[in-house]
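Please keep the structure in view while reading.

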Amino acid sequence: MACGISLVFLLLAIVISYLISSTELFTSTVSFFHLLIKLFVCTSFVSLALSIIFNSQREQVSTFEIPKMSASAKKLSKKILRLFNDKQVTDVLKLSNPTRFGDEMPLIYVWLDDDCFNGYIAIENIGNFERMDREKYEQRLSGILSGKYKRFAVGSSELSAGDVYMLFYIEDTLTSQRIYINGSNRLDEFVCADVHAICLSRDLVWHTDISPHLSCIARTRSGKSVFVGSYMIPLMKKQGWIVEYNSAKLDRYVKEFNGQSEAVEIVKRSEYWVSVMKERLAKINEVGKDKYLDMDDMPDIAIVFDELGNLNAELELNKDLKKRWESAINKLTATGGSSGIHVIAVSQFATKEGFLPSLARVNCSDAVVMLGGAADSGDERRYLMPGFADFPKRSYGKGQGIARIVGSGRKWENSPHFYETPWFD
């Protein structure tokens, strides 16, 4: 600013000098004005030099690069930014630092995506992060957004690269992203061009080439069987997948998708798919490829194992059969993804007794959907979503819960988020 003013003065002095020297009206006083102008020019030069020196030595203010926004997103972000006035920053958030010159206020940026559903609030970290109670802080920020912008809430937070800014990710929690299925076409509009991608909601896509296996935990009548058997498996068939539905409880999906319901037969099917996996891996190795994704004639395979609690109860009576099951399911979940075999494990509980063996459970923890009471249980989340057991207590309806899927974008892979399964009218 000071440099600009000095330059203006300098240009003004040059212009005045030219006008005076070319005007006969002021010829009698030209020497006086020339002296005055020389003094003015010298003063401007000194002011410009001092401005350059002081600007080079001043403390640099941290900046934050935000992606470009659409016109509507930029307009909304400015409105949200106005909520963070001095009162909110100093008294509510307590983010200002008192100094002998007054309160030091942090810089704040707001970014939203083009749909205005997700974004973040970036707040300069001026010695505040270490004294933050993160969970309460996220809820405090959500409270500031209440009112006109109550559809937005803070879902998670983290530090930016270099720890310069605190990023609070906000999302639209009131606008439902649930898929509604009706009409004659039913699932046709949800078929993805990428055959390895399964659309789970309007803002969530499960990329099976990144996270090959999925776990679904839900209590009885929470909608898990309809979600898997009536939506996911038929959708996979429409995308050219080979599917099989096994369940320790005989139901219509077992008959419809050529599965088994007896414990001995389920174990045999798991061993059969292990042999298929080995054949596929051998074929991939013969042609010098790394994964099934590089093969043209190797479709994806989805194998569902439902009612795992009942299956484990039956296997307890036969230790040899139990060992065969554990060996097969561990192999399928460990290396099946490289051959295009995807395990979908479904149960009412995520515990060791009610779900998969330890190794298989770890291999199926990158893509997790928990519905109903299971989603609200910290003990259940501890097994499949480690680090997220202390979620605020919430009530979930039928087909509602939380999901965490690696490879589905930052929102879904960094922390569990509210999720609604497709709804059949």
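Two strands count as paired if DSSP finds at least two bridges between them. The model discussed here is predicted.

**The sheet**

By that criterion, 7 strands form an open sheet in the order β11-β12-β13-β10-β14-β15-β16, and their pairing is mixed. The edges are taken by β11 and β16 (417-420); each has a single partner strand, so one side of each is left without a neighbour in the sheet. On average, neighbouring strands of this sheet are turned by 20 degrees against each other, direction ignored. In general, strands of a sheet pair through backbone hydrogen bonds, either parallel or antiparallel.

| Strand pair | Bridges | Direction |
|---|---|---|
| β11 (residues 242-247) and β12 | 6 bridges | parallel |
| β12 and β13 (residues 341-347) | 5 bridges | parallel |
| β15 (residues 400-405) and β16 | 4 bridges | antiparallel |

Val-243 has Ala-302 of β12 as its bridge partner, and Phe-305 has Ala-345 of β13. Gly-401 stands opposite Tyr-419 in β16.

**Strand β12**

Is strand β12 covered on one face or on both? Both faces are covered: Ile-301, Ile-303 and Phe-305 are buried on one side, and Ala-302, Val-304 and Asp-306 are buried on the other. Accordingly, 6 of the 6 residues in β12 (residues 301-306) are buried.

**The helices**

Two packed helices are described by the angle between their axes and the distance between the axes.

Helix α8 (residues 263-286) packs with helix α10 (residues 319-335) at an angle of about 35 degrees, and their axes are 9 Å apart. The crossing of α8 past α10 is left-handed. Among the residues that make this contact are Ile-266, Trp-273 and Met-277 of α8, together with Trp-325, Ala-328 and Leu-332 of α10. By class, the contact of α8 with α10 has 11 nonpolar, 2 polar and 5 charged residues.

Helix α10 also packs with helix α9 (residues 308-315), here at an angle of about 135 degrees and with the axes 8 Å apart. From α9, Leu-308, Leu-311, Asn-312 and Leu-315 meet Lys-319, Leu-321, Lys-322 and Trp-325 in α10. By class, the contact of α9 with α10 has 5 nonpolar, 1 polar and 2 charged residues.

Conventions. Residues numbered from 1 in each chain as written. Predicted model: local features only at pLDDT ≥ 70, side-chain atom pairs only at ≥ 80, totals over all residues. Heavy atoms only, no water. Buried < 20%, exposed > 50% of the residue type's maximum accessible area, 1.4 Å probe, protein only. Helix = DSSP H or I, 4+ residues; strand = E, 2+ residues; numbered from the N terminus. Axes fitted to C-alpha atoms, helices over the stretch in contact; angles between N-to-C directions. Left-handed = near helix turned anticlockwise from the far one by under 90°. Contact = heavy atoms within 4.5 Å. Nonpolar A, V, L, I, M, F, W, Y, C, P; charged D, E, K, R; others polar.
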